[in-house]
Amino acid sequence: MTLEPHVDFNAYITTAVIDWVDLVFRTVLPTQRRWIFAELEKAIGSRSFVWQNRDEDEVEYREFRVRFQEPEMKDLLAAELAIKGRWELTQPTMVENLEISVDFRPKVPSDVSLARIFGVLVRSHIPGRDVISELSDRPRFTWGKGKGKTAHILAAQKGKPHRNDELLLATDKDRPAVADASYYVGAKKASPSWRTMTKIMDQQNKATGKRLILPENERRVRIEVTLSNTELRSIGIDTMASLMAFRFQTFQGLYFRFRLPTFVDVSVLPKDNHAAVSHLRESQRRTKFLNSGVVGLKAMDDARARQTGKLQESVDKNGTGSARRATTQQEPMVAYKALTDRVLMALRHLGGRVHAATIS
């Protein structure tokens with residue numbers, strides 16, 4: 001049996017955006033950060049931050065990293081043209097870091113609709129890498145003002161790795177993410193890493209405390225992936241030209257994967273002790289999924305498989321007979337097609353906008 005949430009995706013507008021991108025400009029003529037910023041402000045406005053880097057054998061700055069917030073591709077092209085025109089460039093503009101976001105905005109503004117899609121995204125998204133082995137990678141959420149409070153979804157004990165599987169199999173200490181929290185997967189500064197949140201403010205400046213509270217009809221739930229230069233190089237993005245030519249729908253299979261859990265239909269099993277054990281196990285799996293999503297459920301299933309393997313190894317080694325291996329009638333997870341299709345469509349539209357800017 002597949003457990004699928006009751007959600008009408010047609011009730012949401014789904015949009016993919018480049019949340020921010022870091023570009024590196026290496027100039028022929030030396031200059032300073034303030035002049036780079038001033039030139040960019042004239043060319044595209046003030047939606048950028050500039051860092052300067054000086055080589056050890058230089059006394060002047062020729063390398064600058066610029067972060068562009070929610071840029072249109074035409075803005076990036078205009079920025080490159082402005083810097084190249086004034087200081088010239090020694091190499092193609094490089095892409096250093098990138099964040100891609102997919103937004104779900106209710107067509108009819110509603111806190112309930114926001115909470116519903118937040119829960120769906122948090123429970124059904126499965127990362128494209130191991131986020132369980134390293135405790136700092138594990139799912140967690142923050143809430144409250146300022147730095148807020150952090151709670152880990154899955155229980156763990158530092159310094160006692162032998163208890164990890166025991167805790168993954170348990171459900172009583174799991175903490176589901178609350179709807180008004182920011183949900184993280186992946187360690188801070190790890191790549192790739194993910195965040196899911198309900199976006200009710202924009203243009204937030206932590207230094208000055210200024211922020212823009214969004215009107216109700218612009219509030220949305222966002223899932224985003226952050227990629228460092230190493231990860232970008234691995235998928236073929238290094239220069240701005242390669243970013244413009246990239247097939248953005250590729251991000252779906254790599255970073256925006258969604259799954260639905262499946263469960264054994266215990267009602268069709270014979271009424272014996274094995275059925276009772278299966279019923280208990282599937283009940284625990286349901287609770288694990290509701291608390292921690294498919295990430296936690298997969299971790300539980302993997303932990304159980306390791307324990308079963310150890311039991312079988314012990315039985316085989318001692319020669320005391322054969323242990324009955326745990327079996328299921330279907331795969332533990334299946335693709336969440338309805339959600340996948342929505343995200344794929346949004347990423348295709350993003351690619352279309354990017355490519356249109358390059359030929360205009």
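For my own bookkeeping, helices are DSSP runs of H or I with at least four residues, numbered from the N terminus. I also note that this is a predicted model.

Entry 1, helix 1. Just after helix 1, I found glycine 45 with a positive phi of about 100°. Next I checked the length of helix 1, residues 33–44: at 1.5 Å a residue its 12 residues should span 16 Å, and the end C-alpha atoms are 16 Å apart, so the two agree.

Which residues of helix 1 are buried? I got Ile36, Glu39, Leu40 and Ile44. Looking down the axis of helix 1, I see these buried residues within an arc of 105°, so they line one face. The general rule I keep in mind: an α-helix has 3.6 residues a turn, so residues three or four places apart point the same way. On the face turned away from the buried side of helix 1, I noted the exposed residues Arg34 and Lys42. I then looked up what covers the buried residues of helix 1, and the cover includes strand 1 (12–31), strand 2 (48–53), strand 3 (61–69) and helix 2 (73–87).

The largest nonpolar core has 74 residues. Those with the most contacts inside it are Phe68, Ile100, Phe104, Ile117, Phe251, Phe256 and Leu339. Helix 9 (residues 337–359) gives the most to this core, with 7 residues. I also found a second, separate core of 6 residues, including Ile126, Val294, Leu297 and Met333.

Leaving out residues up to four places away in sequence, I listed what isoleucine 100 touches: among them are Val17, Ile18, Glu224, Phe251, Phe256 and Leu347.

Methods. Residues numbered from 1 in each chain as written. Predicted model: local features only at pLDDT ≥ 70, side-chain atom pairs only at ≥ 80, totals over all residues. Heavy atoms only, no water. Helix = DSSP H or I, 4+ residues; strand = E, 2+ residues; numbered from the N terminus. Expected span 1.5 Å × (residues − 1). Buried < 20%, exposed > 50% of the residue type's maximum accessible area, 1.4 Å probe, protein only. Arc of directions from axis to C-beta. Contact = heavy atoms within 4.5 Å. Core = buried A, V, L, I, M, F, W, Y, C linked by side-chain atoms within 4.5 Å.
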